[in-house]
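Here are my notes on this model, point by point. Please read them with the coordinates open.

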Amino acid sequence: MDKMNYNHSIKCSVTKCSNHAQGDDYCALSQIKVGTHEMNPTDVKCVDCESFRKE
Ligand code: SF4
């Protein structure tokens, strides 16, 4: 993973993710997958970045 590959289209503050660009609030992936863990999502907390990987 190239940590200098800031994707300015994907802002993210989850610095504990191994895909985080570090140094600034961006993801380093070219794309991510977002999903939900609920049947009827109603709020921002209902959705998840499914590309998250433990550092
Ligand atoms: S994979 Fe998801 S959680 Fe991880 S840095 Fe990228 S956007 Fe953030």
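1. **Ser18.** Ser18 is partly exposed, at a relative accessible area of 22%. Buried would require under 20%. Ser18 sits in the loop between β1 and β2. Its C-alpha atom is 7.5 Å from that of Phe52. Along the chain, Ser18 and Phe52 are 34 residues apart. Bear in mind throughout that this is a predicted model.

2. **Gln22.** The loop between β1 and β2 also holds Gln22. Gln22 counts as partly exposed, with 24% relative accessibility.

3. **Overall fold.** How many helices and strands does the protein chain have? The count is zero helices and four strands. In sequence order the pattern reads β-β-β-β. Along the principal axes, the C-alpha atoms fill a box of roughly 35 × 20 × 15 Å.

4. **Burial and surface.** The protein chain has 55 residues, of which 24% count as buried.

5. **Cys27.** Is Cys27 buried or exposed? Cys27 counts as buried, because its relative accessibility is 7% and the cut-off is under 20%. Strand β2 carries this residue. Beyond its neighbours within four places in sequence, Cys27 is in contact with Asn5, Tyr6, Asn7, Ile10, Cys12, Asn19, Ala21 and Ile32. Lys54 is 27 residues from Cys27 in sequence, and their C-alpha atoms are 14 Å apart.

6. **Ile10.** Ile10 belongs to strand β1, residues 7–11. At 14% relative accessibility, Ile10 also falls on the buried side. Which residues does Ile10 contact, leaving aside its neighbours within four places in sequence? They are Asp25, Tyr26, Cys27, Leu29, Ser30, Gln31 and Ile32. Val34 is 24 residues from Ile10 along the chain, with 12 Å between the C-alpha atoms. Note that Ile32 is listed among the contacts of Ile10 and among those of Cys27.

7. **Largest pocket.** The largest pocket has a volume of about 170 Å³. Its lining comprises 15 residues. Cys12, Val14, Cys27, Ile32 and Cys49 are the closest to its centre. Which elements give two or more residues to the lining? They are β1 and β2.

8. **Nonpolar surface patch.** Together with Val34, Val44 and Val47, Ile32 forms a nonpolar patch on the surface. The four share about 340 Å² of accessible area. Val44 is in the loop between β3 and β4. Val44 counts as exposed, because its relative accessibility is 66% and the threshold is over 50%.

9. **Lys33 and Glu50.** Side chains of opposite charge can pair when their charged atoms come close. The model has two salt bridges by the rule used. One joins Lys33 to Glu50, with 2.6 Å between the closest N and O atoms. Why does this pair tie together separate parts of the chain? Lys33 lies in the loop between β2 (26–27) and β3 (34–36), while Glu50 is in the segment after β4 (47–49), so the bridge links parts that are 17 residues apart in sequence. Glu50 is partly exposed, at a relative accessible area of 36%.

10. **Lys45 and Asp43.** Lys45 and Asp43 also meet in a salt bridge. The N to O distance is 3.0 Å, inside the 4 Å limit. Lys45 counts as exposed, at 63% relative accessibility. Asp43 counts as partly exposed, at 39%.

How values were computed
Residues are numbered from 1 along each chain as its sequence is written. This is a predicted model: local features need pLDDT of at least 70, side-chain atom pairs count only at pLDDT 80 or more; totals for chains, interfaces and linings use all residues. Side-chain values use heavy atoms; hydrogens and water are left out. A salt bridge is a side-chain nitrogen of Lys or Arg within 4 Å of a carboxyl oxygen of Asp or Glu. Buried means under 20% relative accessible area, exposed over 50%, partly exposed in between (1.4 Å probe, protein chains only). Patches are made of residues with over 30% relative accessible area and no salt bridge: like charges are joined within 9 Å, nonpolar side chains (Val, Leu, Ile, Met, Phe, Trp, Tyr) within 5 Å. Accessible areas come from the Shrake-Rupley method with a 1.4 Å probe; for residues, only the protein chains shown count as cover. Contact means heavy atoms within 4.5 Å. On a 1 Å grid over the protein atoms alone, a cavity is a set of points where a 1.4 Å probe fits but cannot get out, and a pocket is an open set with protein on both sides within 12 Å along at least five of seven lines; lining residues have an atom within 4 Å of a point. Grid points are joined across faces, edges and corners, and a volume is the space filled by probe spheres set on the points.
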